[in-house]
Amino acid sequence: MKTLKLSELSLAFKINLGLVAGLMILIAVGVVSVVNRDALDRATSGREHAMKAKLASAQLLSDLINVETGQRGYVLTGQTSYLQPYDQAAVRLDAAISNLLILTPDATDRQLVSDINNLAKEKLAELHQTITLRQTKGFAAAQAVVLTGQGKTYMDQIRAKMTTLNANEDRAIVNYATQSGQLQRQTTLVVEAGILLSVLVVASAIWIINRDLTARKRAEDELAEQEARLKAVINSMTEGLVVADLHGTFTLFNAAAEEILGVGLLKISPDKWAKSYGNYLPDKTTPFPAEQFPLVRALKGDEARDVEIYVKNKQLKTGKFISVSGNALRDANGHITGSIAVFNDITQRKDAETKLFAEKAKAEAMLGSIGDGVFALDTEERIVLFNRAAEQLTGFTLQEALGRPYTDILEFYSEKDGRPVDEFIKTALKGWTAAMTQDTWLRRKDGTPIPVADSAAPILGVDDEVQGAVVVFRNVVREKELERLKDDFVSIASHELRTPMGAIRAFVSMILDGDYGPVNKNLVEPLTDIRGSTLRLVELVNDMLNVARIEAGRMKFEVTDQPLDAILHEVMVVMTPLAKEKKLELNYLPPKTSVMVLADPGKVNQVLTNLLGNALKFTDTGGITVKAVAKHDFVEITVVDTGLGISSEDQPKLFGKFQQISSNQTGRPAGTGLGLYISREIIRKMGGDLWIKHSALDKGSEFAFTVVRAKTAAAKQVQERLAREASIHPDQK
Amino acid sequence: MKVLIIEDDTPYRKVYTRKFEVAGYTVETAEDGVKGIEKARSFKPDIVLTDLMMPQMDGFQVLDTLKGDSNLKDIPVLVLTNLSTAEDSQKVLQKGAVDILVKSDTEPQVIVERVNELLDQK
């Protein structure tokens, strides 16, 4: 049996319990009192009887004694007046005995009474005998009977029995007295206890009931407070909250609901809602069907989510879209008792969505018209965008591409080793733009390969987190062809130009050398001029080839760590005899300590040769000094001459293409006008610069160029740049 | 000393032939690679001078063939060309040529001196 807690019992029950308990106590007390009173009565009557019995037996004895005395008197005197008690005695004896029997309920006592009766009867019989004897025979006969003592014996026996009887009665009396006392005490006790108990019970009941009432009141207060709070919460919500009962009548309309709808709680049935609140389907014209309202659907257990309703009524300035979700309200047994709906104003969101669609359509239109293939990937490398050009280039349709990892359908691989090219996409997905490596090819759906180029860029979100990558690519078959043609053109052109020129030069040289026999003196000069012109032509072609290569980025640089001294020294060796020819001094001042530079030795050689060549050309007297000074990150090499110098107007023209300094050209072998331009481009490609430090007419000029020192940060940058450029144009010459 | 000149351009052929004859060499010429190999086998020159850009068989192939023939591989080959790419130079030297000179940039005399040098070394 479950133990009941006091608190779990209802208030009514507790009140009843209290009253019943009190009642029970009273009844108990009453019953006990009544029972005790009966007992008391019995005890009292018993005592009375016993006392009466004592009296009666005493009376009897006295009577008997009286009779005996009477008898004695008669015997002695013969007077019949003494016989009066004896006459009455028989009757009185019976009466007394009857009385005694009534008064002695106890069996032992009754036996005694019976014995006493018998003895008394015998005594009377004896007395009668004695009396009769006196009457008839006289005194002496009667005296003789008395003297037998039989009468006395009877009296003694009677006395003995009576004593015992009296003793019994005394005992009984004492018992009854004690009993009475006990009973009385008992009754008092019970009554007192009863009073106490009922007081306790009633007091407890009062206390418990009061406590319950207080608790109840407190609970009620709390409930009221909670309700108030809930109401506050409901009304502070920004979402509209409405509750309807089973009939579809509104029972709750929070503040937001009223604000959003413009109209408050109306006690109308659902089929009137559309009209009264101005609810339409998203098409803005069809009134919203009553059975489709989420609130109505929920009543049937159909809990709808995000149902869109257009609202426009007199109270609202402009129409708005709301998104409604409905839930059923159920009781403890799961039966639907009503429904609740929550809704939001989504007009802004819908506007944004419409705008977004428009933007998206625009973007898609733009993408569709771009000639390059464009596709975008999400962070899982799945294709989320694939424009028309991409479809055409790859042969895969948008449906085939969308949603799939790009590696499923697009195979970018290197022409060189056939290995997949995916670095540029992976780099983009890490957050940096990257170009496809040169010689990237793509396999179309039908298996045909096409050369492709371009790049991948990351798509960044609002917090600059990578959300994907966009790849742009195009078929570069034509471009590659063009490049090849360009290269071929340049090579072929230069080769073709050089061939006849070389031949002319060779012939003229040989004629002048006398290999075709002695030369007519008159012909020496013109032949020499021809040779000069030829040499110029050759130089021009070489220079133009170099310029073309540099401008196309197709000049190959092989930069390594080199000792600068060795490179410069080699040039000095070649130029010294030429300087000697013109009787000019040529000095070389190497750096204080041997220094390593990052350079293409051939190119440095070429540049210094060009500068020294110029110096020699324009210096008639004095000398040329080449000095190399190591600075922090680079080495500065200067070429100082004591030649003609260059005016300040002419200095800006120095490094331009085909610019010849107008003055002071007579008698000097003309240059191509490309030398300094080419030299500067070469030096710049290797990370340095070439410039004129100063020059003054008739004083001389000082040219300087820099070469980066090996193992410096600058050197690293140069190497990286050159490597990058080499990867884009691998066919460098 | 015998020198074989493989050159498709007639002026060059003529001028170099003249130059080497004046310098005292016995000269044979061929105007393309195929004829050049034939001549090499029959003439057994001490040195071969070859152009690169030739029809039918270019200088590279000539080099390969010469170096691939056990009878001819020891003959030094000097490449004369008007191409001047670093890659070509490397390629030629890798294939076993002893040197490469740009015709338009080089005096005929210099070529003769170079050949003298190369043959003296032997």
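**Exercise 1. Determine how α3(A) passes α5(A) in this predicted model, and how the two helices are oriented.**

Solution.
1. The crossing of α3(A) over α5(A) is left-handed.
2. Helix α3 of chain A spans residues 107-137, and its axis lies 9 Å from that of α5(A), at an angle of about 160°.
3. Angles over 145 degrees count as roughly antiparallel; α3(A) and α5(A) are therefore roughly antiparallel to each other.
4. On the α3(A) side, the residues that meet α5(A) include A:L112, A:I116 and A:L119; among their counterparts in α5(A) are A:M155, A:I158 and A:L165.
5. Sorted by class, the contact of α3(A) with α5(A) holds ten nonpolar, four polar and eight charged residues.

**Exercise 2. Describe the packing of α1(A) with α5(A).**

Solution.
1. The helices concerned are α1 (residues 11-77) and α5 (residues 150-236), both of chain A; their axes come within 8 Å and cross at roughly 170°.
2. This angle makes α1(A) roughly antiparallel to α5(A).
3. The crossing of α1(A) with α5(A) is left-handed.
4. The contact of α1(A) with α5(A) comprises 33 nonpolar, 16 polar and nine charged residues.

**Exercise 3. Characterise the interface between chain B and chain A.**

Solution.
1. Chain B contributes 21 residues to the contact and chain A contributes 25 residues.
2. About 2100 Å² is buried between the two chains, with 54% of this area from carbon and sulfur atoms.
3. In chain B, the residues losing the most area to chain A are B:R18, B:S104 and B:E107, together 24% of what that side buries.
4. Four salt bridges are counted between chain B and chain A.
5. B:E107 also forms a salt bridge with A:R531 through their side chains (3.8 Å, N to O).

Terms used:
Residues are numbered from 1 along each chain as its sequence is written. Chains are lettered from A and ligands numbered from 1 in the order in which they are written. This is a predicted model: local features need pLDDT of at least 70, side-chain atom pairs count only at pLDDT 80 or more; totals for chains, interfaces and linings use all residues. Side-chain values use heavy atoms; hydrogens and water are left out. Axes are lines fitted to C-alpha atoms, for helices over the stretch in contact, and angles run from 0 to 180 degrees between N-to-C directions. Helices (H or I, at least four residues) and strands (E, at least two) are DSSP runs, numbered from the N terminus. Angles under 35 degrees count as roughly parallel, over 145 as roughly antiparallel, 65 to 115 as roughly perpendicular and the rest as oblique. A crossing is left-handed if the near helix is turned anticlockwise from the far one by less than a right angle, and right-handed if clockwise. Ala, Val, Leu, Ile, Met, Phe, Trp, Tyr, Cys and Pro count as nonpolar, Asp, Glu, Lys and Arg as charged, and the others, Gly among them, as polar. Contact means heavy atoms within 4.5 Å. Buried area is the accessible area (1.4 Å probe) that two parts lose on being put together, summed over both.
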